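Here is a short briefing on one protein model. The points are grouped by topic.

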Amino acid sequence: MSKRFWLLKTEPDCYAWSDLVRDGRTVWDGVANNVALKHLREMQPGDEALIYHTGDERRAVGRAEVISAPYPDPHQSDPRLIVVDVRPLAPLPRPVTLADIKADPVFADFALVRQSRLSVVPVTEAQWQRLLAMAGVASSAE
């Protein structure tokens, strides 16, 4: 299966991009919505994600990599609640705001815009490339 792309939302007052950079890796937990959990279950090591600050910021701020397959949240008794491990890759040279995303027709069907409450959002390859371009990232080719 080829690499997939995601957007992971976090409240920066609870866990910010800078916390992920400091920690070097984290368990991405706290997801309870059934649709968001479905997306988490689809993640695989090597997938990439944009870390998106919610609240007053409302902007994508960094790139991260999924480094584990999904597994049950070790701190919860409900086996439906799953997590993945992620590590930081790089901050975005220019954060991409929700307003910028909404203003671009490439994102007309983007789940971030259509289902704004979801904390885990799939990103198509075309949307991913556009987001990186908007952020000033030259190319995501490795």
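Helices (H or I, at least four residues) and strands (E, at least two) are DSSP runs, numbered from the N terminus. The model is predicted: local features need pLDDT of at least 70, side-chain atom pairs count only at pLDDT 80 or more, and totals for chains, interfaces and linings use all residues. Residues are numbered from 1 along each chain as its sequence is written, and side-chain values use heavy atoms, with hydrogens and water left out.

**Largest pocket**

- A pocket is an open set of points on a 1 Å grid over the protein atoms alone, where a 1.4 Å probe fits, with protein on both sides within 12 Å along at least five of seven lines.
- The largest pocket holds about 190 Å³ of space. That volume is the space filled by probe spheres set on the points, with grid points joined across faces, edges and corners.
- Lining residues have an atom within 4 Å of a point. They are Lys9, Thr10, Glu11, Tyr15, Thr26, Val27, Trp28, Asp29, Gly30, Val31, Thr54 and Ser119.
- Strands S1 (5-10) and S2 (26-28) each give at least two residues to this lining. The largest share, 3 residues, comes from S2.
- By class, the lining has 4 nonpolar, 5 polar and 3 charged residues. Ala, Val, Leu, Ile, Met, Phe, Trp, Tyr, Cys and Pro count as nonpolar, Asp, Glu, Lys and Arg as charged, and the others, Gly among them, as polar.

**Helix H5**

- Burial uses relative accessible area: buried is under 20%, exposed is over 50%, and partly exposed is in between (1.4 Å probe, protein chains only).
- In H5 (residues 125-134), Gln127, Trp128, Leu131, Leu132 and Met134 are buried. They lie on the same side of H5 because they cover an arc of only 160 degrees around the axis. The arc is that of the directions from the helix axis to the C-beta atoms.
- Glu125 and Ala126 are exposed on the other side of H5.
- The buried residues of H5 pack against S1, S3 (48-53), S4 (59-66), S6 (82-97), H3 (98-103) and S7 (120-123).
- Just after H5, glycine 136 has a positive phi of about 85 degrees.

**Aromatic pairs**

- Rings of Phe, Tyr and Trp (its six-membered ring) pair if their centres lie within 6.5 Å; planes under 30 degrees apart count as stacked, over 60 as edge-to-face and the rest as tilted.
- The structure has 2 aromatic pairs. Phenylalanine 5 and tryptophan 128 have ring centres 4.6 Å apart and planes at 25 degrees, so this pair is stacked.
- That pair links distant parts of the chain, with phenylalanine 5 in S1 and tryptophan 128 in H5, 123 residues apart. Both phenylalanine 5 and tryptophan 128 are buried.
- Phenylalanine 107 and phenylalanine 110 have ring centres 5.5 Å apart and planes at 45 degrees, so they form a tilted pair. Phenylalanine 107 is buried at 1% relative accessible area, and phenylalanine 110 is buried at 1% as well.

**Loop residues**

- Arginine 58 sits in the loop between S3 and S4. Its phi is near 50 degrees, a positive value in a residue other than glycine.
- Leucine 81 lies in the loop between S5 (71-72) and S6. Leucine 81 is buried at 14% relative accessibility.
- Contact means heavy atoms within 4.5 Å. Leaving aside neighbours within four places in sequence, leucine 81 contacts Val31, Ala32, Leu37, Pro72, Asp73 and Gln76.
- Valine 106, in the loop between H3 and H4 (111-114), is partly exposed at 37%. Leaving aside neighbours within four places in sequence, valine 106 contacts Gln127 and Arg130.
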